[in-house]
Amino acid sequence: MSNELLKTAALNLKKAVPLMLKHSIPTTPTNYALWYAYVSESNPKLNIALDATIAQNQQYSPTSSELLYRQHIADPVELDVRSMRQNLDAMVCELSQSLKDTNHDTTTFQTKIQKEFSKLAELENQGFSLEQVIKVVKNIVSESANIHSSTTSFTQQLDKAQSEINALKQRLAETEKDVLYDALTEALNRRAFDDDISALVNQSPNGACLILIDIDHFKQFNDTYGHQLGDLVLKVVAKRLQESCRDGVKLYRFGGEEFAVIIPNSQQRVARQLAEAMRRSIEKLSVKDRRSETRIDNITASFGVGEWKHQQTSSQLIESADTLLYEAKRLGRNRVMPISN
């Protein structure tokens, strides 16, 4: 790296670090990369996205950082990158060697063909017998078969490599989805939740809330209508919940038929209003199985809204929301607890 580039890098870091401290951004490699790119103004779309995040006064969760990094910086997504590079390197080496072999075979073929054609010219000038001509032609045919075999083998290797590369790309795309998202509902998964809830309490936020949501009588849906229709209920409920999540509010599949919503910079009163709006929207859902014409119109959910308290751990926050969720179930389901603030 030149001295000029080193100076630029150092200057950008000097700009990035104070901004990270100002906005309480954890000093992780991903966040360094994001804010280094931000101050260098090399990616306008990233700057717009980060400005929007800060303007909303969101808590800066690990999931937010990861998603921004993937969307604006990582290309391709750096998941299982060591394995990917090893596989690609192996394929490149194999193809390179095969190409060298094919080129060598082609050069050898050209040399031999030229030699045989020279023999034909000599035979023409000196007089020739039928036996001599047949021998030269046989040699040409033999060498042609060899080069055809070599190029066919190379073409097959190219096809195989392309197939492997396509499979690798698909696997990486699936892996990327699995790392942060639940495959069935497309909500963020439990791993993302655990990371974000831990970061939330460790950063000592100025008010934050957790909503735990449980679909009422979900086991009955599975037992009565089958797991396929049960999965459909999960999908439509997740979609309806997601529609209410904006301004930094995130939806997670907590496990089974349970979902979680993290609301940064919020008080229980506001979070409870959001939960009530979600409850009413789920109450209006209707799910139909196209094959059996079965329709489910009685989908409801219960909600527990916990508020983070100073020096409370993430486990304690989850427990407080879960206790309120259990109370909502006990009192008859399809309700938000606490009743008031």
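I take a salt bridge to be a side-chain nitrogen of Lys or Arg within 4 Å of a carboxyl oxygen of Asp or Glu. The model is predicted, and local features need pLDDT of at least 70, side-chain atom pairs count only at pLDDT 80 or more, while totals for chains, interfaces and linings use all residues. Residues are numbered from 1 along each chain as its sequence is written, and side-chain values use heavy atoms, with hydrogens and water left out.

Entry on salt bridges. Searching the whole structure, I find ten salt bridges. I looked up Arg 253 and Asp 182, whose closest N and O atoms are 3.3 Å apart. This pair links distant parts of the chain, with Arg 253 in strand β2 (residues 250-255) and Asp 182 in the loop between α6 (130-180) and α7, 71 residues apart. For helices (H or I, at least four residues) and strands (E, at least two) I use DSSP runs, numbered from the N terminus. Arg 253 is buried at 17% relative accessible area, and Asp 182 is buried at 15%; I call a residue buried under 20% relative accessible area, exposed over 50%, and partly exposed in between (1.4 Å probe, protein chains only).

Entry on helix α10 (residues 268-283). Glu 283 forms a salt bridge with Arg 279, the closest N and O atoms lying 3.4 Å apart, and the two are four residues apart, about one helical turn. Glu 283 is partly exposed at 36%, whereas Arg 279 is buried at 12%. Through shared partners, salt bridges join Glu 276, Arg 279, Arg 280 and Glu 283 into one network.

Entry on a crossing. How do the axes of helix α7 (residues 190-202) and helix α11 (residues 314-330) cross? They come within 9 Å and cross at roughly 110°, the axes being lines fitted to C-alpha atoms, for helices over the stretch in contact, with angles running from 0 to 180 degrees between N-to-C directions. I therefore note α7 as roughly perpendicular to α11, a term for angles of 65 to 115 degrees, with under 35 roughly parallel, over 145 roughly antiparallel and the rest oblique. The contact (heavy atoms within 4.5 Å) is made by Phe 193, Ile 197, Ser 198 and Val 201 of α7 and by Ser 314, Leu 317 and Ile 318 of α11.

Entry on helix α1 (residues 3-22). Leu 13 lies in this helix and, at 39% relative accessibility, counts as partly exposed.
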